[in-house]
Every structure is written in structure tokens, then in C-alpha cells.
Amino acid sequence: MTFEAAVLVLEDGARYRGQAYGAKGKRVGEVVFATGMTGYQETITDPSYAGQIVVMTAPHIGNTGVNSEDPESNRIWVSGFVIRDASRIVSNYRAEGSLDDQLTEQGIVGISGVDTRAITRRLRDAGSMRGGIFSGTENDLSDDEQLAAVRAETQMAGRSLSSEVSTSVAYLVASTVASIGRLAVLDLGVKTSTVNYLAERGFEVHVLPQTVTFEELLAIDPVAVFYSNGPGDPSASDAHVALLTQVLKRGLPFFGICFGNQLLGRALGYGTYKLPFGHRGINQPVIDVQTLRTEITSHNHGFAVDAPVGEISQSPAGFGRVEVSHVNLNDNVVEGLRALDIPAFSVQYHPEAASGPHDANYLFDRFRDLVLENAKDSK
Ligand SMILES: NC(=O)CC[C@H](N)C(=O)O
């Protein structure tokens, strides 16, 4: 086996030399770390990672190869991929190929053989920052040229990426049980398993492009509206917030996940802010303040909602009382919102848990129940 040199350069000037993994070339983006010990396929195909170079803290990656069952979308979305130890063999009964080959086929530049613990410590202390992976001829650039390329990359704060990941045409995923009506899903980077869970709860899932207007959304005659996860800074998504404001004023039941939670926060009148290094992993403890049950949950977010924890506040946008429904027990970050006077709620984390523990699946039931109750009330 021959190894080709590669380097990861961070915007603060730190350099980590390793070997090329996947495609060769240059990729710049925001460098973040993900702590899941399993689920690398779900991670790299999560559209929320668009614009980000992901450092896996699990030290050994690629051993189960890749299959066609686990992807969360139809392509790999991470800008770049950073790992410690690349498995030299693929060993799993479901494997259809190797991760290295798939990264190469899809043009995803990666690096292996770097000290991912040292990189993670740096990002944890200094915060997520821009970086670049350079291999092939790009590895021949001078240190200064590489650093200049990294520093020329757009900052994640203020960045809008929905147009890069959203579907361009609407499509339908039929309910797999007795239908309870049509659900309008705004695709801001939706994951396959989320759509499947919604279909399993009885929704005829209409996945809509992120450019959809309120009139087009109403034209499908939805019983409820859902906003998905997705990449980018929620403060740069004014049009989606304006659309949601109309949805809420109309009284349509609403559920949002991750980016969808941040946009509900904004529509209710709260601000959002960038976390220093975010939450990306599958073992984050979150308490549901209603049941006082702690869930171990799957996360991938770099921004959060700024709403008062531990008290019921009035929506600054005039939608009545709002409760922070879920709180992260590691750092007290807002992990969910529940409007008490309109049928709307959301969570910052991933109840679809792909990958991750299934503790939070009940939230899809909660949404179905909210929709059914709302339909009864309006009769
Ligand atoms: N997974 C997501 O929806 C992420 C939301 C947002 N882009 C963030 O980083 O916080």
C-alpha cells in the first residue's frame, strides 16, 4: 500500500500532516468534531454537514464499509473528512464497498493518520474554525498559500446553505399506515429516516423545496407543517422564518427538528447564537421538562436558540406563552421549544436518531397526537 501525503490546515495556522483518504485535492470549510462511536455513513450523508469538514473522534473508521441502506440522503455532504486510523479491511455482512472508494467516487477529500484528539482539543478550546484539507498537487502549495485559501473561505456565521441541499422539486412519500392527512415538509436538508418516521405515523409526506411560498404550501391542503434539519446559520434564513410566521398565524400544527427548532425560535421572536464548538454526537443528555425524563440523544448543531430556561416566557412575536421544553444537561443549552397557546413545538436534536439511540422517537408520536387533537378541536 502506498500513502500519499495530505495536510489539514486550521485558520489559526495549526497544521496536521497525514495521508490522503478518499479524493485528492483541496477542500475548505468549517472544521467541527463529531463524537459518535458508530454511524459514520449516516454522519457523512446528513445534509446538515454541508460546508463542514468533519473530524471523527472515534479512532478507527471504515471497518464496516458502506452499504446502500444507511445513507440519510442520496450523496455525501461533508466538505471534507478527517480521521485517525483508516481501516485497511472492510468487514461487515451488509458492506457493499469501502468508505475510501466511496469518498473518492463522490469527490470528497479526506485525510487520515492525524491526531484527532489533538485537533478536537484545539477546537474545543478555541471553538470551531475554518480549515482546509490539501492533498495531491494542492499539497505542493506553500504553507502561506494554503492558509490564505483557508482564510478566504466564507465564515459559517451568517451563511445560508439551504438552497444547496434542498430538493428542487416537490415529492410525496406515502403514509405506511392509515392516513391522517397531508403533511407539508419544508426541505432544508431533510434526512431520509425523518421522512420515513413521519410516514410511519400516518402522514402523507409532501416534501417541498425551500423556496415554496405560503400559497403553494396551502395548495396541498396540509393538516400540519414540518421544518427539517439543515446546514447554515438560522439568522440567515429570514424567508423561512416569514413563511413559518404565516403558518403559525394560520393555526396549523407545527413540528421542527434542529434547524427547524431554530427557525421556530426565531418565528416566536427569540434570537439565535453560535455555540463555541457545538454538539455533534450520539450521547448528549437532554431533559424533557414536562416528564422530567432524561434522554440520551443524537445531536448535530452549531447554533442554538436564546430563550429563557426554567420559566415560561411570552413570545416576543406575540404567539402567547412559550416553554423551553428540553434542556441539555451538559451545558444548559435550549434543546426544545413548546408553544402553550398555539399547536407548535420543536427540538434541537434528532429524534430520528440516525445514527444514535432511539430514546426520543416518542416526539413523532407527540406530533401525531397534536395533529389529531387539533383536528378534533377544529370540528
Ligand atoms: N442539524 C441541523 O439542523 C443543524 C442546524 C444548524 N445548521 C446548526 O448548525 O446549528
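## Basis of the model

Because the model is predicted, local features need pLDDT of at least 70 and side-chain atom pairs count only at pLDDT 80 or more, while totals for chains, interfaces and linings use all residues. Residues are numbered from 1 along each chain as its sequence is written.

## Domains and their contact

The protein is divided into domain 1 (5-151) and domain 2 (162-377), with bounds that come from an automatic or database domain assignment. Taken over C-alpha atoms, the centres of domain 1 and domain 2 are separated by 29 Å. The contact (C-beta atoms, placed from the backbone, within 7 Å) takes 21 residues from domain 1 and 21 residues from domain 2.

On the side of domain 1 that touches domain 2, β3 (26-34) and α3 (116-126) each supply at least two residues; here helices (H or I, at least four residues) and strands (E, at least two) are DSSP runs, numbered from the N terminus. The largest share of that side, 3 residues, comes from β3.

## The ligand shell

Around the ligand stand Ser48, Asn229, Gly230, Pro231, Gly232, Cys258, Phe259, Asn300, His301, Gly302 and Phe303, each counted as near if its C-beta atom, placed from the backbone, lies within 6 Å. Strand β16 (residues 293-306) gives the most to this shell, with 4 residues.

## Nonpolar cores

The largest nonpolar core has 58 residues, and Val185 and Phe254 have the most contacts inside it. Such a core is a set of buried Ala, Val, Leu, Ile, Met, Phe, Trp, Tyr and Cys residues joined through C-beta atoms within 7 Å, where buried means that 20 or more other C-beta atoms, placed from the backbone, lie within 10 Å of the residue's own. A second, separate core of 43 residues includes Val7, Val9, Val78 and Leu123.

## Strand β18 and its partners

Of the 8 residues of strand β18 (residues 321-328), 7 are buried, so the strand is largely enclosed by the rest of the structure. Pairing, which requires that DSSP finds at least two bridges between two strands, joins β18 to strand β15 (residues 271-288) in the antiparallel sense over 3 bridges, with valine 286 opposite asparagine 328 in β18.

Strand β17 (residues 312-314) also pairs with β18 in the antiparallel sense over 3 bridges, and isoleucine 312 stands opposite glutamate 323 in β18. With strand β19 (residues 334-339), β18 pairs in the antiparallel sense over 5 bridges; these two strands form a hairpin with 5 residues between them, and asparagine 332 in the turn has a positive phi of about 65°.

Conventions
Buried ≥ 20, exposed ≤ 12 C-beta atoms within 10 Å, placed from the backbone. Contact = placed C-beta atoms within 7 Å.
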